[in-house]
Amino acid sequence: MEYIYENFNFPPNQSFTIRTEPIELKRYTHMKCHLNFEIALIENCEGKRFIGDHIGDFKDADLVLMGGYLPHCWQYYETANVQQPNVVVVHFFPDFLGKDLLEKPEARHLKDLFHNASKGVRFTGSTMTTAKALLLEMLSARGLHRASLMLRLLDVLAESNEYTILATPGFNIVDNSADADKINLIYDYIFKNFKGTISLAQVANLVHMNPAAFCRFFKMKTNRTLLDFVKEVRIGFAAKLLIEGTYNITEACYASGHNNLSNFNKHFKEIKGQSPRTFMKQYAE
């Protein structure tokens with residue numbers, strides 16, 4: 001399984017996009033990444049969701065908010081559900097109504113929402129019901145009415161306490177920051193090159209810093225060292241290879257950028273809390 005990077009060009013008359021489409025019930029082949037944020041409502045099906053390094057089951061419906069550069073996909077299963085499986089997807093940037101939107105006192109809860117979105121947030125209960133109604137109305141709305149519905153939707157999500165944060169902090173991305181472009185560049189490089197050798201000097205050079213300054217910068221902005229982040233990306237990718245069932249532990253080790261099986265087992269247990277073998281057995285069951 002590979003990561004695929006998508007670039008969205010918003011139409012000149014739209015500050016965000018929303019679409020609905022039927023779901024194809026097939027085995028997933030890749031994880032998607034993109035700079036913009038995404039809200040996804042999955043209906044009338046069941047399967048597994050993959051968000052960052054999170055792997056979880058869903059049934060009937062799923063509502064998730066995801067930040068930029070967060071790898072994600074859903075694997076759908078054949079069911080006896082007579083209703084057509086469907087997905088509604090919104091793509092947007094946090095500042096879609098202006099650079100100073102998040103600086104307004106009324107938007108203070110949005111900052112927390114967008115911070116959590118960097119790890120993926122799943123909403124349930126009455127929040128999902130209300131969000132679904134707003135999303136369906138947005139599909140046919142136009143102009144300012146459409147934008148007002150989007151604000152109402154974000155307000156509902158920001159005020160909700162019916163949510164679960166999905167991925168580990170290693171997938172956190174800087175949000176609403178002057179340094180976001182630098183972090184995005186670093187993340188993009190790591191996601192594209194984690195299977196090979198990644199040196200501190202190379203990554204620091206991307207953002208025109210010396211290694212010592214870069215280490216301080218990256219730790220301050222992501223609460224992770226570069227080594228820890230690369231480790232989590234590699235283990236997250238290896239876990240997905242094991243779930244697919246086409247790779248054994250040794251093959252997943254080397255396919256995810258590790259060159260030592262002993263270190264792979266050690267890092268896997270550090271991050272997943274169990275050995276690769278136990279992990280495979282758990283998901284097989």
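1. Helix 2 and helix 3. In this predicted model, helix 2 covers residues 125–140 and helix 3 covers residues 143–159. Their axes come within 10 Å and cross at roughly 170°. Angles over 145 degrees count as roughly antiparallel, so helix 2 is roughly antiparallel to helix 3. The crossing is left-handed.

2. Who touches whom in that pair. Helix 2 contributes Thr127, Thr130, Ala131, Leu134, Leu135, Glu137 and Met138. Helix 3 answers with His145, Arg146, Leu149, Met150, Arg152, Leu153, Val156 and Leu157. By class, the contact residues of helix 2 with helix 3 divide into 9 nonpolar, 3 polar and 3 charged. Among the charged residues are Glu137 of helix 2 and Arg146 of helix 3.

3. Helix 7 and helix 10. What angle do these two make? Helix 7 (residues 226–244) and helix 10 (residues 276–284) cross at roughly 45°, with axes that come within 10 Å. Angles under 35 degrees would count as roughly parallel, and roughly perpendicular starts at 65. The pair is therefore oblique. The crossing of helix 7 and helix 10 is right-handed.

4. The residues behind that crossing. On the helix 7 side, look at Ala239, Leu242 and Ile243. Across from them, helix 10 supplies Pro276, Phe279, Met280 and Tyr283. The contact of helix 7 with helix 10 holds 7 nonpolar residues, no polar ones and no charged ones. Tyr283 belongs to helix 10 and is counted as nonpolar here.

5. Lys182. This lysine is found in helix 4, residues 180–193. Is Lys182 buried, exposed or partly exposed? Its relative accessibility is 33%. Buried needs under 20% and exposed needs over 50%, so Lys182 counts as partly exposed.

6. Partners of Lys182. Setting aside neighbours within four places in sequence, Lys182 is in contact with Val207, Met209 and Phe217. Take Val207 as one of these. Val207 lies 25 residues from Lys182 along the chain, yet their C-alpha atoms are separated by 6.1 Å.

7. Cysteines. How many disulfides does a search of the whole structure find? The count is 0. For a disulfide, two cysteine sulfur atoms must be within 2.5 Å. Cys45 has a relative accessible area of 3%, and Cys73 stands at 8% relative accessibility. Buried means under 20%, so Cys45 is buried and Cys73 is buried as well.

Conventions. Residues numbered from 1 in each chain as written. Predicted model: local features only at pLDDT ≥ 70, side-chain atom pairs only at ≥ 80, totals over all residues. Heavy atoms only, no water. Buried < 20%, exposed > 50% of the residue type's maximum accessible area, 1.4 Å probe, protein only. Axes fitted to C-alpha atoms, helices over the stretch in contact; angles between N-to-C directions. Helix = DSSP H or I, 4+ residues; strand = E, 2+ residues; numbered from the N terminus. Parallel < 35°, antiparallel > 145°, perpendicular 65-115°, else oblique. Left-handed = near helix turned anticlockwise from the far one by under 90°. Contact = heavy atoms within 4.5 Å.
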